[in-house]
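Subject: Structure handover

Hello,

Here is the structure for you to take over. My notes on it come after the file.

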Amino acid sequence: MKIAVIGQSLFGQEVYCHLRKEGHEVVGVFTVPDKDGKADPLGLEAEKDGVPVFKFPRWRVKGQALPDVVAKYQALGAELNVLPFCSQFIPMEVISAPCHGSIIYHPSLLPRHRGASAINWTLIHGDKKGGFTIFWADDGLDTGDLLLQKECEILPDDTVSTLYNRFLFPEGIKGMINWEQPAEVIHNWIRGNDKVPGAWTEACGQKLTFFNSTLNTAGLVPEGEDLPILGAHRPGIVTKAGLILFGNDDRMLLVKNIQLEDGKMIPASHFFKGVDSNALELTEEELVMAEAVRSAWKRILPSVLEVEDSTDFFKSGAASVDVVRLVEEVKELCDELELENEDVYMATTFGDFIQLLVRKLRGDDKDYECIIDYVEKAINKLNLRMPHQLFIGGMFVDAEGAKTYETINPTDGSVICQVSLAQVSDVDKAVAAAKDAFENGLWGRISARDRGRLLYRLADLMEQHQEELATIEALDAGAVYTLALKTHVGMSIQTFRYFAGWCDKIQGSTIPINHARPNRNLTLTRKEPIGVCGIVIPWNYPLMMLSWKTAACLAAGNTVVIKPAQVTPLTALKFAELTLKAGIPKGVVNILPGSGKGWGHGHLGAPGLQAAGDALGQNRACYMMYSSGTEQLGAE
């Protein structure tokens with residue numbers, strides 16, 4: 001990468017040397033003027049290597065950047081500014097110029113102490129912990145977004161010199177440029193780099209930018225195609241879930257999106273598949289929609305005279321706030337379209353954006369076709385197709401060790417099929433998937449209105465499949481078919497429609513608490529989803545019991561791990577299939593058939609899991625699973 005180093009001192013010199021050692025090209029060094037005929041160590045080192053050195057006494061006058069200074073800087077073509085120790089005021093025209101922005105070292109754990117005397121204040125305040133921060137430069141005083149922090153213990157006899165020489169100097173140099181880091185640090189680097197977005201590296205002879213990473217890899221098997229990455233501890237692995245990276249502690253993190261060198265953003269799981277170059281031919285109705293979207297782009301990008309297919313949203317001056325505006329305007333134009341901020345980053349040119357919208361509107365945008373190993377039976381003049389595996393993170397999978405058990409038709413004692421028997425490790429995987437969906441997934445970001453729309457869609461699908469659901473209920477639970485059709489399934493559908501209407505009506509309260517002068521004081525309560533809810537279903541009325549509990553939890557914005565009764569799991573697994581068709585995000589619903597003795601009794605208290613229990617006889621609000629006021633219930 002082409003780097004401009006802006007700073008001074010021995011610390012700056014060491015950072016400069018390590019950058020070159022790591023193979024980066026330092027295109028210029030900007031340091032302070034000579035003092036009493038003595039050059040700064042950073043400038044001296046750069047001059048030895050033939051690197052251009054600039055010693056501007058100032059970068060701006062009366063708050064305005066000096067044009068000739070900025071011009072000399074811009075001529076270098078730096079892709080990143082590194083400020084290891086800088087005492088000068090650098091104008092935003094320089095800070096914001098590189099495509100990867102500017103990063104700064106600060107000798108304190110921000111935001112604890114700011115400014116040049118941060119080390120002194122660490123000792124003056126008697127802090128027990130000290131350290132340093134690397135952050136993105138902005139126009140404030142040490143107020144940019146944090147990239148990483150490292151801390152150390154402050155010893156009783158530490159001075160500014162001992163603290164600096166023992167930890168802040170040597171570890172700070174490593175922190176500025178060392179990619180050999182634990183997985184958590186790499187994850188923080190990726191999520192902290194929101195200006196591109198993403199952090200970049202070199203692989204397969206090109207520059208790849210990573211976006212949307214998570215440390216939640218529970219249950220993820222590192223199987224796929226190796227991606228050698230320059231300087232990485234181990235090669236990355238491209239899997240169906242995304243790109244797995246490894247820290248030097250051998251922990252995994254998952255990257256979900258990759259931006260290619262040409263600016264194309266693709267799902268990381270599609271890296272070796274390349275970019276789909278087959279353009280869709282638009283219908284007349286879609287062409288009208290495209291022109292309406294073009295008008296929206298023109299309103300958001302006033303500096304662009306004409307929006308062409310090649311017009312890039314971000315290169316035309318759009319910022320993150322414009323992404324939000326674009327998404328909302330397009331959703332108004334295209335009724336029932338599911339569009340998120342990430343989609344704009346995945347298709348930054350107008351032509352690609354229109355293709356993305358059309359694929360979504362046609363329903364052709366699914367990342368993958370869920371593979372379901374059905375058990376098929378011809379019963380009641382229907383060809384039943386029943387899933388029989390665990391449902392975790394939006395996929396039907398075998399239990400740990402491929403363990404299964406027989407589910408029996410109670411009317412004649414015959415075996416219907418083999419069903420996956422969940423193990424304790426499967427519970428951990430399901431809870432991790434539900435927790436990730438709640439904390440990092442789409443479910444936690446969509447509006448309550450959109451959440452309700454998905455539940456209405458699920459109810460419609462249940463109605464479309466009601467004969468199939470009723471037949472499975474009769475087969476697996478021994479229910480009378482007509483009763484199952486009207487009650488088991490019919491009431492389940494009505495339950496989901498009822499709670500779908502509640503989604504955007506869950507509100508807090510405003511309570512007067514004091515009328516003393518001069519102010520009238522109020523307390524506000526706010527209702528929030530708990531997180532991951534554990535649901536245990538009895539054998540009688542299995543689908544209806546599932547619906548009573550699950551619909552309420554989902555309406556409030558929670559995610560669920562459901563254990564159907566061991567003897568009646570099949571309608572729950574068919575329900576899981578319908579949640580996929582309804583578009584409910586992966587990980588929101590997880591279903592684990594199995595034995596209560598094996599894991600249901602002892603593991604519903606796993607971290608991040610709130611047991612819904614049997615809510616029969618309770619007020620509906622009790623098991624809608626939300627908290628109010630300042631009390632935060634739920635996950636860890």
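Predicted model: local features only at pLDDT ≥ 70, side-chain atom pairs only at ≥ 80, totals over all residues.

Residues are numbered from 1 along each chain as its sequence is written, and side-chain values use heavy atoms, with hydrogens and water left out.

Overall

The protein has 18 helices and 30 strands; these are DSSP runs numbered from the N terminus, with helices being H or I of at least four residues and strands E of at least two. Of its 636 residues, 51% are buried (under 20% relative accessible area, with exposed meaning over 50% and partly exposed in between; 1.4 Å probe, protein chains only). Among contacts (heavy atoms within 4.5 Å) with a separation of 6 or more, 65% are between residues 24 or more positions apart. The accessible surface (Shrake-Rupley, 1.4 Å probe; for residues, only the protein chains shown count as cover) is about 30400 Å², and carbon and sulfur atoms hold 51% of that.

Leucine 461 sits in helix H13, residues 448-464. Its relative accessible area is 11%, so leucine 461 is buried. Leaving aside residues up to four places away in sequence, leucine 461 touches Leu578, Lys581 and Ala582. Its C-alpha is 9.6 Å from that of phenylalanine 575, which is 114 residues away in sequence.

The axes of H14 (residues 466-477) and H17 come within 9 Å and cross at roughly 155 degrees (lines fitted to C-alpha atoms, for helices over the stretch in contact; angles run from 0 to 180 degrees between N-to-C directions). The two helices are therefore roughly antiparallel (a term for angles over 145 degrees). On the H14 side the contacts involve Glu468, Leu469, Ile472, Glu473 and Asp476; on the H17 side, Leu570, Thr571, Lys574 and Leu578.

Glycine 587

Glycine 587 is in the loop between helix H17 (570-582) and strand S28 (589-591). At 3% relative accessible area, glycine 587 is buried. Apart from residues up to four places away in sequence, glycine 587 touches Gly393, Gly394, Ala433, Ala434, Ala437 and Thr559. Valine 560 is 27 residues away along the chain, with 8.3 Å between the C-alpha atoms of the pair.

Helix H15

Leucine 483 belongs to helix H15, residues 481-502, and is partly exposed at 38% relative accessibility.

Regards

Notes:
Parallel < 35°, antiparallel > 145°, perpendicular 65-115°, else oblique.
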